[in-house]
Amino acid sequence: MRSFRHPVCFLHCGILPFHNAKLMRVALFVTCLVDLMRPSVGFAAIRLLEAAGCEVVVPETQTCCGQPAFNSGDRRAALALAKKTIAECEGFDYVVAPSGSCADQIRSEYPGLFVDEPEWRRRAKALAARTWELTSFLADVLKVDTVPGEFAGSVTYHDSCTGLRSLGIKQQPRRLLGLVAGLKLKEMPESEACCGFGGTFAVKFGDISAAIAEKKCINAQAAQAGAVVGGDLGCLLNIEGKLRRMGDETTRVLHVAEVLAGVLPNPDGKAG
Amino acid sequence: MRSQAMFFQRRAGEALADPRLQKNFAGLKDKFVGMRARAVANYENDFEELRDAGQAIRDRVIDNLDVWLELFEEKATARGATVLWARDGSEICEHVIAIAQRHGVTKVTKSKSMLSEEAQLNAALAAAGIQPVETDLGEYILQIADNEPPSHIIAPAAHKNLDEVADLFAATHQQPRKTEIPALTREAREVLREHFLSADMGISGGNFLIAETGSVVLVTNEGNGRMVTTLPKVHVVITGIEKIVPTLADFATLMRLLPRSATGQEISNYVSVCTGTKGEADADGPEHTYFVLVDNGRAGLVGSEFQAMLRCIRCGACMNHCPVYQTVGGHAYGWVYPGPMGAVLTSLYTGIENALDLPHASTLCNQCGVVCPVKIPLPELLRKLRERQTERGLRPWSERLALSVWSRLAQRPALYALATKLGVRYLNWLASGRDRIAVLGVAPGWTAGRDFPAPQGRTFKELYSSRQEQKA
């Protein structure tokens, strides 16, 4: 009953301390980009986790993990948001995010933020150990062998940098996509190359970022797949925006959770 | 070299708009990335263990740099060399010019030395009436191209293609224009041979200094390094104080890493270990050997949060694998060292305030970090530089304001929910029914080169709480 040990979280999240002990209680860290831009990814993640037998809770007060501040060199803001996120999410068996980048912020960066605060550092480490990116949680922790989604067509997978190089996410999404009825995976050249997003980099150095994105899009198109799929919304927005500007109106750009869950946005981009 | 790092944005934009440069960069990337990947795959043992070993050697040196330097000085002196110390670029120039004048030198041949770029040595030599001749093919091409700066640390003329070199050679050598690489290199050899035979002094860099023997190691592919270090009567080595390795065995370990990481070779065409001056039994070699060991900001990194940068063995793998370097090339970075290592070094050696864009000109994809042979955490160092910029108030006010507003909002969930709700509606209004936004006023950098996909309509939180209400 972690909630008892952390009354702050108990209050913030409104979680009942008594729950079905058989279910794994998983907090969904929605991520700020999904919240703002693409809610269907959040609902897809809930569907996948529930289908795998988890009790999913969405901590109500969550906002952002603080990575934009951290990567911009604003350590103070990053620290404040880390404390907020830790307090909100530590009362669960696991925390899962549909993003390698946000999951890695919690897993790899939070503990190092607390240099002079040993108690916070302990809590950060404890949370880090329970935090997972969605596809690695499904594949490595839950070891699922079925997924709800169906997909008639081919997809190509873009490996997002942080998930790939910091969390080792490579085979997990591919194995899960292999479970989707009807789906054919076609690898693109240089699937591990950065798409040029880089968070605020995409705005500060828009011309360089767009030029890198163009290379990614040319590689993605070379796969001749119906959709580009990835695990991080930032990369996907970048790739979709560049494909459309290049005049590609047909290649869909989808989050891996949407494909696995069969929760696809309508072709006009609205939540399905 | 005077830093132009403050003009990164403009110089990057010029590189992006130059189709010939873009083509040269693409070819370069395919070559370097592919060659390293094959070399790592073909390595007989675990390359990751080798990287660990490389890091350990470099850390052992840098943790006790003063001790190893003293040992090196003692050993090198015992073999007849003279060890000089230079605090900065102007002291490098003073030492080198004084040595040249002492020995009546009017022409020097140079093998590649990035330190001489830090010091703007060629200009200083010329001003002192001493002719410097670059003999590394890439450096030679740049010298006859009106002293262009290098764009890559191991392939200095990487930004030039065959046609450009053919034009340069024809114009400079007054010979019929050649278009085959062997013919061009033969022509360069013929020109350089005269210089090798007539120079009184050779200047080289150093890939490693070996403490236990007092030797300098040169790792080259063209053989010019041997000519520079053995033909003239005076040999001057200019290198950074961090280039020390304790023993020959340590050097052997690092030699397994360096060529594989740099050019994908198991070993370079030439590896020269030069120790002391010409002995009585030696057929050739310099009568006088000088080491100019340079600080120029390095000692200040020892014990700092940037100490790991001193591990660098200058292979160039970080830039070869960097999506930003691959797209804008080396000149955009504006000083001696480009790419991720250059962004860190330029900030640290020329002043954080003189290279504001460089630490931010990275997607933090960590491709550099995973290929670095001595495991320098380059993205982490770039982020620390960003932190130092923030602490010193060096970021533009617009960026500080945006970050501050956003982070205050993100710490207040109710306000954040309201702001995002309104933000999404604003974006949808901009999209006006389409699935994308072509011009985004709040982030013009984004939409200059690509569209911004429209949000789905409502925030996840709105949709989720209404679904929860329906359930209840």
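**Entry 1. Two helices in chain B**

At what angle do helix α15 (residues 339-350) of chain B and helix α17 (residues 378-391) of chain B pack, and how far apart are their axes? I looked this up in what is a predicted model. The angle is about 35°, and the axes of α15(B) and α17(B) are 10 Å apart. The crossing of α15(B) and α17(B) is left-handed. From α15(B) I listed B:P340, B:M341, B:A343, B:V344 and B:S347. Their counterparts in α17(B) are B:L378, B:L381, B:L382 and B:L385. Sorted by class, the residues of this contact are eight nonpolar and one polar, with no charged residue.

**Entry 2. Domains of chain B**

I noted the domain assignment for chain B: domain 1 takes 1-42 + 316-395, domain 2 takes 49-300 and domain 3 takes 403-471. I then looked up the separation of domain 2 of chain B and domain 3 of chain B; their C-alpha centres are 56 Å apart.

**Entry 3. The six-stranded sheet of chain B**

I followed the strand order of this open sheet in chain B and wrote down β1-β10-β7-β4-β2-β3, with parallel pairing. Its edge strands are β1 (82-86) and β3 (131-134) of chain B; each has a single partner strand, so one side of each lacks a neighbour in the sheet. On average, neighbouring strands here are turned by 25° against each other, direction ignored.

I went through some of the pairs next. Strand β7 (residues 234-240) of chain B and strand β10 (residues 288-294) of chain B run parallel and are joined by seven bridges. In this pair B:I238 is opposite B:V292 of β10(B). Four bridges link β4(B) with β7(B), again in the parallel sense, and B:I203 faces B:V236 in β7(B). Between β2(B) and β4(B), which run parallel, I found three bridges. There B:V108 stands opposite B:M201 in β4(B).

I also checked the two faces of β4(B), and both are covered. B:M201 and B:I203 are buried on one side, and B:G202 and B:S204 are buried on the other.

Which strands does helix α5 (residues 89-102) of chain B lie across? I found β1, β2 (107-110), β4 (201-204), β7 and β10 of chain B under this helix, which runs at about 170° to β10(B).

**Entry 4. The four-stranded sheet of chain B**

I recorded a further open sheet in chain B, of four strands in the order β8-β5-β6-β9, with mixed pairing. The edges are held by β8 (244-245) and β9 (270-275) of chain B; each has one partner strand, so one side of each is without a neighbour in the sheet. Strand β5 (residues 208-210) of chain B pairs with β8(B) in the parallel sense through two bridges, and B:L209 stands opposite B:I244 in β8(B). Helix α12 (residues 248-262) of chain B packs on this sheet and touches β5, β6 (215-220), β8 and β9 of chain B. The direction of α12(B) makes about 165° with that of β5(B).

**Entry 5. Chain A**

I counted 15 helices and eight strands in chain A. Of its 272 residues, 61% are buried. Among contacts in chain A with a separation of 6 or more, 76% join residues 24 or more positions apart.

Chain A is assigned domain 1 (2-140) and domain 2 (146-261). Their C-alpha centres lie 24 Å apart, and 29 residues of domain 1 of chain A contact 25 residues of domain 2 of chain A. Which element gives the most to the domain 1 side of this contact? I found α4(A), with seven residues. The domain 1 side has 14 nonpolar, 10 polar and five charged residues.

**Entry 6. Where the chains meet**

I ended with the contact between the chains, in which 51 residues of chain B meet 54 residues of chain A. The chain B side has 24 nonpolar, 18 polar and nine charged residues.

I picked A:L81, in helix α6 (residues 75-89) of chain A, and asked why A:L81 counts as buried. The reason is that 25 other C-beta atoms lie within 10 Å, and the cut-off is 20 or more. Leaving aside residues up to four places away in sequence, A:L81 touches A:C64, A:C65, A:G66 and A:A69, along with B:S407, B:A410 and B:Q411. A:A69 is 12 residues from A:L81 along the chain, and their C-alpha atoms are separated by 9.0 Å.

Conventions. Residues are numbered from 1 along each chain as its sequence is written. Chains are lettered from A and ligands numbered from 1 in the order in which they are written. This is a predicted model: local features need pLDDT of at least 70, side-chain atom pairs count only at pLDDT 80 or more; totals for chains, interfaces and linings use all residues. Two residues are in contact if their C-beta atoms, placed from the backbone, lie within 7 Å. Ala, Val, Leu, Ile, Met, Phe, Trp, Tyr, Cys and Pro count as nonpolar, Asp, Glu, Lys and Arg as charged, and the others, Gly among them, as polar. Domain bounds come from an automatic or database domain assignment. Axes are lines fitted to C-alpha atoms, for helices over the stretch in contact, and angles run from 0 to 180 degrees between N-to-C directions. A crossing is left-handed if the near helix is turned anticlockwise from the far one by less than a right angle, and right-handed if clockwise. Two strands pair if DSSP finds at least two bridges between them. A residue is buried if 20 or more other C-beta atoms lie within 10 Å of its own, exposed if 12 or fewer, and partly exposed in between; C-beta atoms are placed from the backbone.
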